[in-house]
Amino acid sequence: MAATASTEQRSEGRAGSFSSSSSDTATHVGSSTVLARLGDEEKLTPPEDLEIHELEQYGDHLSNSEDDALLMEKDQDEPPKPPQPPPEPKKSSFWSSLIWMTVNTLATIGIVFTNKAIFTDPSLKLAQLSFASFHFLVTYLTLFTISRPRFAFFVPRRAAIKDILPLSIAMSLNVILPNLSLAFSSVTFYQLARILLTPTVALMNYILYRATLPRLAILSLIPACVGVGMVSYYDSLPTSNTNIKTTSSLGVIFAFLGIFASSLYTVWIASYHRKLQMSSMQLLFNQAPLSAFMLLYVIPFVDTFPESWGGVSGSKWVLIGMSGLYASLINISQFFIIAQTGPVSSTVVGHVKTCTIVGLGWVTSGRGAGDKGVGGVVVALGGIIAYSIVMLKEKKKGGK
C-alpha cells in the first residue's frame, strides 16, 4: 500500500494521522531566530522553517513585546485603550472538508483493491520492493509539488541522512510487509488485521514509555483482538469452493509482521516529531526519497521480475498507474483532513473506510452472510469502534 495508506486510517494511532508534541518556545525581540526547547535539547529554528501556526505564535509574541515597549514610552496620564478581542479563527468550508474526506475515502478504498488486482498477477506478486520504491517516488514527487511556493501546503525542511535512516527503514517495512500480506490474503482479513495496530501501538507505548490507557479503552480492545483472531482462523481454513478467496499461512505471517513494523513506525514517528521538530509532511518529505533510493540496492537480490515485461498486460500497467494516482490523492487529501477537521471527523472517516473495505472485500471473496467468519468481523469492528468512542470522550474530558 502507499506510504500513508497503511497509517492514515485512524487518527489515534496511525501513520497517516501523526501527532507531534508541542514544545516550549522563547522569543527574543529583534532576533531572527526562535529558541525551541525540547526536553534537554535546544536548537535554533529560523522563523521561515516554522509551521504556519508556529509562525503566527511567533508573530504574536513579537507584536506583544513591541507593544509593551511602546506603552512604556507613552505618557502615563494617557488612558490605555481597552483590549481588543482576538480575531476569530478562519473557519474551514464544510463542503471543502466533505470533498477532501470523500476523496481520501475513495482513494484509500481504490488503492487497496487496485493493489490486490495487481498482486493477482504471478509475475508481479513477488516484485514488492520495486512496487514500494515506485510508491515512495510518487509520494516524494507529490510532496515536492505541493511544497512549491505556488501551493505552499507546507514548508520543506531537510534532515541529516543518519538522523532519518532508521525511520526510513521502518517506513519501508511498514509498506512492504502489509503489501505482501495483501498479496497472500483476502481483502477482508488484510483490512481487519490492521485493527491490531491500535492495541500493538498501545502495548509498545506502555513498554517503552509506561503510557497507559483508560480501563474502558483496554476492555474495548479485547473484543477487537478476539474478532481478528476469529477471522484469521475461519479465513485461513481450506475450502473446496474455488470461488471463495481465502488467506494462506504466508498471508497471516506477513500480516502480523506488518502489524509489528507499522506499530514500531507509528511509535517512532511521535519521537521523531519531537526530536527533529518536523511535521508529518516534512518527515515524509525526507523519508520517501531515502527509502526509494535505499531499496534500489536490495531489489536485484530480492524481487522476482516477469520473464518479459512485454508480457505484462496493458491493463496491469493501467492499474499500476492508478495505484500511484491514488497514493498522491491520499497524501494530498490527508493534509486537508488534518488541517480542517477535528478528531471526531477523522475517526469517523477512518471507520467508514475500514467498514467499506471489509464489506466490499467480503462480497468479492465469494463468502455468504452465513459464513462463520462474519461473527469475527462484527466483533472486531464493534470493539475498535467502542475503543474510539471511549478515547474521544476521554480526550473531551481532558480538554475541559
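Tutor: Buried means under 20% relative accessible area, exposed means over 50%, and partly exposed lies in between. The model discussed here is predicted.

Student: Why is Asn-104 called buried?

Tutor: The relative accessibility of Asn-104 is 0%. Buried requires a value under 20%, and therefore Asn-104 counts as buried. Asn-104 is located in helix H2.

Student: What makes the link between the side chains of Asn-104 and Ser-333 a polar contact?

Tutor: The side chains of Asn-104 and Ser-333 are joined at 3.0 Å. The cut-off for such a pair of N or O atoms is within 3.5 Å, and the contact of 3.0 Å meets that distance.

Student: Why is Phe-151 called partly exposed?

Tutor: Phe-151 has a relative accessibility of 41%.

Student: What makes Phe-151 and Phe-153 an edge-to-face aromatic pair?

Tutor: The ring centres of Phe-151 and Phe-153 are 6.3 Å apart, with 70 degrees between the planes. Pairing needs centres within 6.5 Å, and edge-to-face needs planes over 60 degrees apart.

Student: Why is Tyr-297 called exposed?

Tutor: Tyr-297 has a relative accessible area of 56%. Exposed requires over 50%, so Tyr-297 is exposed.

Conventions:
Residues numbered from 1 in each chain as written. Predicted model: local features only at pLDDT ≥ 70, side-chain atom pairs only at ≥ 80, totals over all residues. Heavy atoms only, no water. Helix = DSSP H or I, 4+ residues; strand = E, 2+ residues; numbered from the N terminus. Buried < 20%, exposed > 50% of the residue type's maximum accessible area, 1.4 Å probe, protein only. Polar contact = N/O pair within 3.5 Å; in protein donor to acceptor, adjacent residues only side chain to side chain. Phe/Tyr/Trp six-rings, centres within 6.5 Å; stacked < 30°, edge-to-face > 60°.
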